[in-house]
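Dear colleague,

I am passing on the structure we spoke about, and I would be glad if you could look through it alongside the notes below.

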Amino acid sequence: MIVRFLLALEAALLGAALGAFALFFGTILIGLLAGAETREGGLAMGAAGLTPVGGLLGACVGMWLGWRLASKLTSAVAAGISLGVIALCLLPAAGWYLHQELTDGDPYPLDQPRPLIQMEIRLPYKVGHHLVDPFYRKSWISHDGRHGHVRWDEPRARDEGNVTVLRLQKKLYYRVPGRKLRFWRKDAGGKTVFDLKIPPEPVPTEDYGPWMETPDGVLAIRIKITMQAPAG
């Protein structure tokens with residue numbers, strides 16, 4: 001009885017995943033065919049809001065089908081199928097974990113494009129662009145706590161309403177997690193550390209992500225990831 005219930009539960013979980021997947025991409029497909037607006041991710045966010053419904057429906061159907069199938073099987077056969085489903089689910093996770101363990105810390109190939117992190121820091125005030133170099137400092141903090149150089153992006157500053165946005169960039173060389181940016185003003189005491197949450201294998205983005213504010217709401221940062229071709 002327990003084995004059959006476990007098989008039905010696994011069928012419910014698989015049904016939930018398939019239902020959410022089908023409803024998400026089905027909604028996007030229908031929206032595209034209907035000419036829905038896709039700018040700023042509106043269609044994708046709307047489709048994402050429906051995924052819990054797809055997951056619930058898929059779980060109900062999966063539970064029903066799984067229980068019907070389990071009731072027709074012997075305990076031994078149901079146990080075998082249940083273990084097979086668990087193995088199939090664990091196989092991709094094990095492959096991902098093994099890949100991470102084998103490649104963590106490895107350098108990106110020299111003959112292939114490397115991730116370039118472009119950053120924008122929003123100040124709480126407007127500052128003269130000629131004061132950027134004399135007053136503002138920045139450094140890169142790697143996963144092991146070592147500090148490295150960060151270059152200014154050009155143009156180094158731009159005004160956005162009543163505030164100034166500073167622009168920086170950093171080319172990545174190694175597959176490591178835990179990348180951070182330290183930023184401070186030369187004539188002030190405090191230093192701000194931004195946790196950029198960049199994975200070892202960054203995925204390029206079409207534009208800058210959302211602003212991430214500091215806990216005190218004074219500064220904010222956002223990043224854009226591109227792939228830069230090797231020199232020469």
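What follows covers the aromatic side chains and then the pockets.

Please keep in mind that this is a predicted model. A search of the whole structure finds three aromatic pairs. In one of them, the ring centres of Phe21 and Phe25 lie 4.7 Å apart with their planes at 50 degrees, so this pair is classed as tilted. These two residues are four apart in helix 1 (residues 2–33), and about one helical turn therefore separates them. Phe21 is exposed, at a relative accessible area of 51%, whereas Phe25 counts as partly exposed at 43%. Ring pairs also bring in Phe24, linking Phe21, Phe24 and Phe25 into a cluster.

Tyr136 and Phe183, by contrast, are both buried, and their rings are stacked, with 5.7 Å from centre to centre and 10 degrees between the planes. Because Tyr136 belongs to strand 2 (residues 136–141) and Phe183 to strand 6, this pair ties together parts that are 47 residues apart in sequence.

Two charged side chains lie over ring faces: Arg122 over Trp211, at 4.8 Å from the ring centre, and Lys191 over Trp184, at 4.5 Å.

As for the pockets, the largest holds about 280 Å³ of space and is lined by 13 residues, with Trp140, Ser142, Lys170, Tyr174 and Val176 nearest its centre.

With best wishes

Notes: Residues numbered from 1 in each chain as written. Predicted model: local features only at pLDDT ≥ 70, side-chain atom pairs only at ≥ 80, totals over all residues. Heavy atoms only, no water. 1 Å grid on protein atoms, 1.4 Å probe; cavity = no way out; pocket = protein on both sides within 12 Å on 5 of 7 lines; lining within 4 Å. Points joined across faces, edges and corners; volume = space filled by probe spheres on them. Phe/Tyr/Trp six-rings, centres within 6.5 Å; stacked < 30°, edge-to-face > 60°. Buried < 20%, exposed > 50% of the residue type's maximum accessible area, 1.4 Å probe, protein only. Lys NZ or Arg CZ within 6 Å of the ring centre and 35° of its normal.
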